[in-house]
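Me: I have a model open and want to know what stands behind the labels given to its residues. Please set each label against its cut-off.

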Amino acid sequence: MFLSNDNGNNWLYSGLTGDTVSSLTISGTNIFAGIISNISGTSRVYISTNNGGTWLMVNNGLTNLPIFTIANNDTNIFAGAFCGGVFLSTNNGNSWIAVNNGFTSLCISSIVTNGNNIFVGTSGGGVFLSNNNGVSWTAVNTGLNTYVDELAVSGSNIFSGTDGGVFFSTNNGSSWTAVNNNGLTYYSSISSIAIKGNYIYVGTNTGHGIYKRPLSEFVAIKENFVNTNMLYPNPTKGKFTITQTNNIKSIEIYNVMGEIVYKSQASNSKTQIDISAQPKGIYIVKINNGVNTQIEKIVLQ
């Protein structure tokens with residue numbers, strides 16, 4: 001384990017001699033490290049309460065299997081053991097209990113949390129979801145390659161890196177879509193996924209490096225048409241018109257990061273909008289008529 005406090009210009013040794021560190025998670029001021037193996041030939045979880053100055057082994061209840069992934073949902077710490085299932089600690093690692101009800105594969109490769117939802121990726125069993133802190137798990141695999149190596153969350157969107165490329169879900173994993181076009185030529189096996197700024201990055205297991213793609217191309221749009229409306233032209237160069245059978249009360253426009261870029265009040269059924277000052281990309285238009293709220297997508301070219 002190494003620590004940098006100057007953005008990676010210099011690194012300092014931070015304990016855990018001879019250990020292969022697989023993953024980290026931070027809960028408050030506590031850092032948890034998942035270990036695949038160490039000099040004693042066993043697998044461990046460690047905790048540090050002083051930024052890696054010292055580490056304490058916290059393994060009561062864990063099986064002697066590689067800890068491939070570790071994540072937290074507030075003070076609930078989840079550790080995934082490869083071919084050993086998921087373990088939960090609610091007391092900073094002082095004790096662990098197995099929480100595997102519903103799994104069809106105990107070969108855990110990745111854990112991510114999104115609000116109350118905990119997603120677990122497995123090798124051969126796909127993705128499992130729990131919204132009750134691991135009391136029970138449900139397979140959410142429709143359309144997904146079930147050999148999952150990595151998971152990542154961006155807002156309400158979930159990405160899964162698998163042996164068959166990258167898959168994308170907008171509905172908590174109920175359905176998945178392969179998203180391996182647009183330049184991801186060598187996608188047979190995805191080892192890691194990272195989301196930074198406006199981009200998603202994926203690393204390949206097949207020696208073909210790292211790929212990136214704008215998050216704007218994965219915007220999840222939930223259509224809710226309550227009455228007839230029109231938005232044109234779409235795509236637009238900047239100016240577009242909204243018409244609706246009922247009078248429009250307010251309009252809000254959001255970028256792909258969920259930031260509001262336009263807001264106005266209205267009192268008629270037709271209005272013109274100008275977002276030409278915004279960067280090119282996909283935007284979400286939220287229209288309220290005082291009774292219903294409708295959501296549309298607009299593409300700024």
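Me: What makes Cys83 and Cys107 a disulfide?

Reply: This is a predicted model, where local features need pLDDT of at least 70, side-chain atom pairs count only at pLDDT 80 or more, and totals for chains, interfaces and linings use all residues. Residues are numbered from 1 along each chain as its sequence is written, and side-chain values use heavy atoms, with hydrogens and water left out. A disulfide is a pair of cysteine sulfur atoms within 2.5 Å. The S to S distance of Cys83 and Cys107 is 2.4 Å, so the pair qualifies. The count by this rule is one disulfide.

Me: Why is the disulfide of Cys83 and Cys107 called right-handed?

Reply: Because the torsion about its S-S bond is about 80°.

Me: Is Cys83 buried, partly exposed or exposed, and which of these is Cys107?

Reply: Buried means under 20% relative accessible area, exposed over 50%, and partly exposed in between (1.4 Å probe, protein chains only). Cys83 has 43%, so Cys83 is partly exposed. Cys107 has 16% and is therefore buried.

Me: Why is Ser14 called buried?

Reply: Because its relative accessible area is 5%.

Me: Which residues is Ser14 in contact with, leaving aside neighbours within four places in sequence?

Reply: Contact means heavy atoms within 4.5 Å. On that basis Ser14 touches Met1, Phe2, Leu3, Asn51, Gly52, Gly53 and Trp55.

Me: What makes Ser14 and Gly52 a polar contact?

Reply: A polar contact is a pair of N or O atoms within 3.5 Å; within protein, one must be able to donate a hydrogen and the other to accept it, and residues adjacent in sequence count only if both atoms are side-chain atoms. A polar atom of the Ser14 side chain lies 2.7 Å from the backbone oxygen of Gly52.
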